[in-house]
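Look at how the two chains meet, then at the spaces between the atoms. The tour begins at the interface.

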Amino acid sequence: MMKQVLTLLSAILFLVSPGLIQAAPLRIEITEGVIEPLPYAVPDFVPENAAAAQVARDIARVVAEDLTGTGLFREIPASAHISKVTSFSSPVQFADWKAINAQALITGAVSLQSGGRLVVKFRVYDVFAGQELGNGLQFAGTQDGWRRMAHKVADAVYSRITGEGGYFDSRVVYVAEAGAKDDRKKRIAIMDYDGANVQYLTDSTSIVLAPRFSPTGDRILYTSYETGFPRIYVLDVASVGRRMLQDQPGTMSFAPRFSPDGRTVVYSLTQDGNTDLYTMDVASGRSQRLTSAPSIETAPSYSPDGSRIVFESDRSGTQQLYIMSASGGEPTRISFGQGRYGTPVWSPRGDLVAFTKQHKGRFHIGVMRTDGSEERLLTASFLDEGPSWAPNGRVIMFTRETQGAAGTASLYTVDITGRNLKRVKTMGGASDPAWSPLQD
Amino acid sequence: MKILTRAILLTSALALAACSSPDRFRGDEVNLGGAGGSGSASDPTSPLYFQETVGDRVLFAVDQSNLSYEAQSTLDGQAQWLMANADYNAIIEGHADEQGTREYNLALGARRANAVQEYLVQQGVAASRLKVVSYGKERPIEICSQEACYAKNRRAVTVISADYNS
């Protein structure tokens, strides 16, 4: 049994030579397609005063949910632990953690001070190397921000072991849905990436669609039918104050997205039945036309450096993906596979474009390189659409709608390797997710 | 949208019972029900007559916005009615079925609504009396996930409105 486990471990650490057993740095290479999740232990954090007892347990649980939720890590339950961690500063009994095959050990301590100030400390250990991985870190905040502190701990652990940026301390803005399919009520809502701390930002008197964060997460663009016609609004997250960006009678505007500097919005405007791309300077309201074609041009998304825009167009006869300069000009088609391609979104790392694909009556979320090569479909269902990237560019959230009269929409996440497809916990129906950047 | 706030969407109790009012959701519209200002279905000047006898909607093929012969025939009737009843304006609502991405379907619904508007204007209806809007796949009237339902959802509906202050 032990030998089998060791073989699996070495498979994680040395993907090229699964039979080899030797000491190695604690590391997961996400891009290589992990075979087996890395076993780790996160005992309850040590409460440094009596008031911190509950929150110390809760924080360790959220850290574990974050890590295990990635599909890259597997928690060894407390019932299997040999050592108890009762002091943050005592030496770690590595033999006890090796014996239960914990590759990584996360210890922490929490104190709840007067005035509700919460201080969280943690360390990560590479058990088989018998040493700490990185240095201990400390976060402080208010008690009601305890989940964020747990997410920050998990982000640091994830980052140290994978070498990638984390994504747990992030939020998602989406459309909360209720009611039957032919009488659906929609509200803009915001939540933590894991579905906690839901807040509704609009009521359901008007159809609202496709909210998108600003690059710093302080503002949200969305489309609303408040006037009876689709119009773009910008909403301030802190104050929940909002304003219409433009009211041009006889037109519809939708599919807005911020530029990486947050100063410009690219969007679709429909006039006389024809939909083209425009940009607008948020401060002045001045707009500029980017495309002038009789075809549908929509779903634009900026490259991370702001120099280019990926969008969909049916100028070839069906929906396909194109890239052009952010100031307009001749676009280059990048999608050439069978079927229709829509809703492209540029990865925050710049290397990939995520998209929705329709082929033979099925919908897929997929990724391709920005030159259209290496297309990879990650999902398949009756209706998947609208991918949004996690801040680290490794996970995609999207909408999945089930078929039939009782069909409902839910949010799902999937790794860019196509692994770890999971439903995001939401109250009721949910669609059109947009992931925030990592919070400060 | 001053006109909209003053406008009253005229519908009938019959229509309300027949479908689940997908096109009537805006808070600033007042649903009059059957007994109010929509008149009787036998009164050829009534919006109810327009809806039931002239026919308020045309259907489209998958991913298309061109008007079939049948659709053109319905729109000929709509144009005649609108020219004969100049007190009324109309909003043409374009819709798509659920097989498509949200943004594309909004644009597709706009193409359909625009095709109807252009046809009505060609037949002599003043363009100033017609507005267009697309709901994409947001307001299906049939909710099964089969072609029988999709065919009815790929539609453009001419919704009669009256500006009582004009």
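Across the interface of chain B and chain A, the rule finds seven salt bridges. A salt bridge here is a side-chain nitrogen of Lys or Arg within 4 Å of a carboxyl oxygen of Asp or Glu. The side chains of Arg340(A) and Asp63(B) form a salt bridge, at 3.0 Å from N to O. This is a predicted model: local features need pLDDT of at least 70, side-chain atom pairs count only at pLDDT 80 or more, totals for chains, interfaces and linings use all residues, and side-chain values use heavy atoms, with hydrogens and water left out. Residues are numbered from 1 along each chain as its sequence is written, while chains are lettered from A and ligands numbered from 1 in the order in which they are written.

Polar contacts also cross the interface of chain B and chain A: the rule finds 16 residue pairs, both residues at pLDDT 80 or more. Such a contact is a pair of N or O atoms within 3.5 Å; within protein, one must be able to donate a hydrogen and the other to accept it, and residues adjacent in sequence count only if both atoms are side-chain atoms. On the side of chain B that touches chain A, α5 (102-122) and β4 (130-136) of chain B each supply at least two residues. Helices (H or I, at least four residues) and strands (E, at least two) are DSSP runs, numbered from the N terminus. The largest share of that side, nine residues, comes from α5(B).

Now take the interface as a whole. In contact (heavy atoms within 4.5 Å) are 34 residues of chain B and 40 residues of chain A. The two chains bury about 3,400 Å² between them, 57% of it on carbon and sulfur atoms. Buried area is the accessible area (1.4 Å probe) that two parts lose on being put together, summed over both.

Next come the spaces. On a 1 Å grid over the protein atoms alone, a cavity is a set of points where a 1.4 Å probe fits but cannot get out, and a pocket is an open set with protein on both sides within 12 Å along at least five of seven lines; lining residues have an atom within 4 Å of a point. Grid points are joined across faces, edges and corners, and a volume is the space filled by probe spheres set on the points. The largest pocket has a volume of about 570 Å³. Of its 24 lining residues, the closest to the centre are Phe213(A), Pro215(A), Trp346(A), Pro348(A) and Trp435(A).

There are six cavities of 30 Å³ or more by this rule. The largest cavity has a volume of about 230 Å³. Its lining has 18 residues; Lys181(A), Glu401(A), Glu98(B), Lys137(B) and Pro140(B) lie nearest its centre.
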